Amino acid sequence: MANLEAYQEYQRIEDFEEDSPPGEEDLLVHVPEGLKDSWHHIKNLDNFFTRIYHFHQKNGFSCMMLSEFFELVQFLFVVTFTTFLFNCVEYDVLFANRAVNHTGPGQNPLDRNKVTLPDAILPSQQCTERIQENSWIIFLLIMATIFWIYRLVKVFCNILSYWEIRQFYIKALKIRMDDLCNFTWQEVQDRLISLQREQQMCIHKKELTELDIYHRILRFKNYMVAMVNKSLLPVQLQLPLLGNLVFLTQGLKYNFELILFWGPGSLFQNKWNLHPKYKRAGNRLELAQKLSRVILLMGLANLLLCPFILVWQVLYAFFSYTEVIRREPGSLGARRWSLYGRLYLRHFNELDHELHGRLGRGYKPTSKYMNSFSSPLLAVLAKNVAFFSGSVLAVLIALTVYDEDVLTVQHILTAITVLGVVITVTRSFIPDEHMVWCPEQLLQCVLAHIHYMPDHWRGTANKSETRDEVAQLLQYKAVFILEELLSPIVTPFILIFILRNRSLEIIDFFRNFTVEVVGVGDICSFAQMDIRRHGNPMWMSEGQTEASVYQQAENGKTELSLMHFTIKNPRWQPPQESSVFISHLKEKVHHDAQTGPPAQLLLSEAPLCSSLLSNDSASAPDNLLASVLAHPVLTASGLPGRDRRFLPPSTAASAAASVLASLSTSQLPHAGRSRSHVHLTSTHPDGPMYRSDRTFIDSMSASDSRVHSTPLLSEFASAEMSLHAIYMHEVHQQSALPQRASGQWQNLIPMRDLNTTTGTHAVSLSMPTPLRLGGWTEEEEEDEGEEEINSGSTPKEDAKE
């Protein structure tokens with residue numbers, strides 16, 4: 001970053017439909033008498049829209065407040081129960097290390113030495129004396145009490161604020177609480193946009209757009225996604241013996257957000273504005289030193305609080321997972337999406353429920369891919385350990401069946417439990433001998449749902465290095481628990497020794513990649529999904545982007561995020577540059593579909609393709625994806641089916657293009673409502689970007705009679721985005737490799753040549769340097785990349801659904 005100070009000055013993005021010019025935000029606004037209880041001119045729209053979203057996602061006021069109440073009770077229970085266990089239990093009596101003699105009238109002589117639970121519990125007075133004599137316990141209880149009171153005040157404030165949101169849903173949005181679960185977020189969002197026209201919640205814009213609402217809810221999360229995409233946050237550690245590791249926990253993420261966004265000394269002066277001094281490049285070194293001091297103080301504070309946080313983490317993990325492990329020992333071998341994976345795979349402007357749904361659909365194929373790898377050495381060891389453990393366990397169970405007094409033998413129950421856990425764990429290392437996996441096909445199926453895949457994964461799906469990188473995204477639950485337990489110890493050192501060294505890069509990042517949108521505030525410029533400013537020419541935006549290497553988002557995140565947001569919000573009208581990209585993409589899809597397999601052939605093969613991918617009980621959208629992914633295998637394998645003598649060898653790109661083209665009603669885009677650029681949305685608010693023709697819908701209806709239902713339309717929109725991800729990755733891979741005029745049945749024409757080229761041309765492109773997972777190599781800026789990021793045409797922020 002040698003010349004970053006000359007790269008760009010912070011710039012304000014004007015909006016053509018703002019209600020009041022800059023500097024007049026404090027003008028009095030007349031509110032009609034009938035709207036005295038309305039929500040006119042809300043000062044903090046970030047918090048307001050975020051609470052509206054959380055209110056919907058958490059199923060209303062009652063569920064939210066009940067969860068808050070039980071969180072308080074849970075914390076109180078953990079502290080009280082732990083104190084009781086440490087100070088009020090006589091463990092010598094409980095473990096029968098000290099004899100107990102029960103004497104009294106009518107006492108059975110056989111029961112005089114029998115230990116009961118009350119015998120091991122100390123009297124309340126003696127228990128209190130023990131607590132008072134231990135100053136360390138008293139100090140911890142004082143700290144816990146202060147934190148609990150803070151949580152209590154916060155819960156009380158949440159009750160007041162969410163009661164207001166409840167009234168807003170009922171009075172303004174006309175949604176009753178018993179009907180809340182029947183409304184999707186898109187429907188709630190539509191009512192918010194309509195309400196803006198009536199009550200002017202935001203006085204700086206006449207109309208709100210879907211992107212405005214997303215920007216306010218995801219303001220800081222978009223920054224986090226961008227910093228992970230540019231490998232700015234120190235989440236990848238290079239350790240001497242363990243190699244490259246990804247370490248990102250809830251505690252570390254909390255510290256990042258505290259330092260950068262809303263803590264004391266953070267870069268933002270409020271929820272929606274970056275501090276003015278960080279918008280100028282003149283004092284970047286001084287600001288970097290100040291940020292370095294803030295990070296140092298935060299690291300020292302974490303180091304000071306490390307014992308208390310560590311104790312809480314251990315206690316919470318013990319109470320949360322012990323019973324689950326006892327009941328299901330194999331649960332530790334289950335996988336979950338890591339926190340790093342959620343940030344790495346997240347699109348710009350993707351809400352939590354959209355991300356969870358997409359990763360939920362990708363969980364099963366990703367788990368299958370991870371399970372396709374097995375260690376022969378571990379399998380042999382696991383089989384023998386399971387045999388020996390099972391033999392001993394069988395004998396113990398047989399003895400207890402023969403005589404139940406065997407259970408009274410010391411540690412016999414412990415032995416049975418441990419042996420059962422050992423057998424369950426070892427069986428997880430023994431592969432299923434009846435399963436045959438194709439790693440490349442599985443990885444393609446994974447890509448269809450997670451949408452992001454580094455270039456060097458292609459062709460290396462069967463290698464352990466690729467598996468290890470996928471494991472960074474989908475980690476074992478045992479690894480997650482271990483990382484959270486180690487987080488209080490590791491976090492201070494990451495802050496002090498690694499993050500501090502990146503203070504100058506962080507200052508430059510926020511100055512260079514922050515823009516102000518009137519009516520929204522300061523946002524991450526990547527969240528604008530502007531192809532011209534942040535597009536990557538290797539991702540189908542060649543000739544449309546002016547971005548330097550430093551400005552480009554990695555792994556096609558700008559292009560894929562734009563497509564995802566457009567499909568999820570079909571009424572949103574993109575700005576000029578984005579609309580041009582979408583229209584060119586659609587034209588290229590139709591061009592490539594001409595040499596692809598017919599869509600009807602793909603649909604007829606859907607059941608067979610689903611079985612090849614082990615996709616049991618798949619719905620119509622799942623069958624559609626399976627047909628696209630497995631069709632190249634069918635055409636190359638010679639499996640019985642339709643006559644393929646006149647069909648060229650198929651690729652996933654051509655199959656995806658064929659299906660996407662069949663979803664379009666016309667070959668040419670039509671004009672937008674108020675702009676000269678294209679408007680590529682469907683008439684249904686939840687429908688796909690490519691509207692389905694009658695032939696295609698009839699075919700899908702034959703496989704699923706619920707095709708016209710709203711939930712299934714949402715699933716088809718997700719399937720459409722998956723098809724775009726497959727297609728764009730395939731085109732990216734083919735454009736990254738040198739094109740050969742011979743030996744290829746399909747010549748992919750660059751998007752810049754779609755309107756000017758009539759024949760096929762051989763494209764010669766140099767192979768890019770492979771990137772590490774989430775990697776970004778800092779390079780010297782080119783002269784043309786030193787111009788301001790916000791120069792040029794202005795994106796429109798007031799498009800409405």
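# A tour of the aromatic pairs

Start by selecting Phe 220, Tyr 223, Phe 261, Phe 268, Phe 348, Phe 509, Phe 510, Phe 513, Phe 526 and Tyr 550, which ring pairs join into a cluster. The model is predicted.

Lys 557 is part of helix H20 (residues 557-568), a helix to which the tour returns below.

Next, widen the view to every ring pair in the model; the count is 38 aromatic pairs. Select Phe 61 and Trp 163 from these. Their ring centres are 5.3 Å apart and their planes stand at 75°, over the 60 degrees required, so this pair is edge-to-face. Colour helix H2 (residues 61-87), which holds Phe 61, and helix H5 (residues 135-172), which holds Trp 163; the pair therefore ties together parts 102 residues apart in sequence.

Last, select Tyr 214 and Phe 565. The ring centres lie 4.9 Å apart with the planes at 85°, so this pair is also edge-to-face. Tyr 214 belongs to helix H7 (residues 210-217) and Phe 565 to helix H20 (residues 557-568), so that the pair links distant parts of the chain, 351 residues apart. Tyr 214 and Phe 565 are both buried.

How values were computed:
Residues numbered from 1 in each chain as written. Predicted model: local features only at pLDDT ≥ 70, side-chain atom pairs only at ≥ 80, totals over all residues. Heavy atoms only, no water. Phe/Tyr/Trp six-rings, centres within 6.5 Å; stacked < 30°, edge-to-face > 60°. Helix = DSSP H or I, 4+ residues; strand = E, 2+ residues; numbered from the N terminus. Buried < 20%, exposed > 50% of the residue type's maximum accessible area, 1.4 Å probe, protein only.
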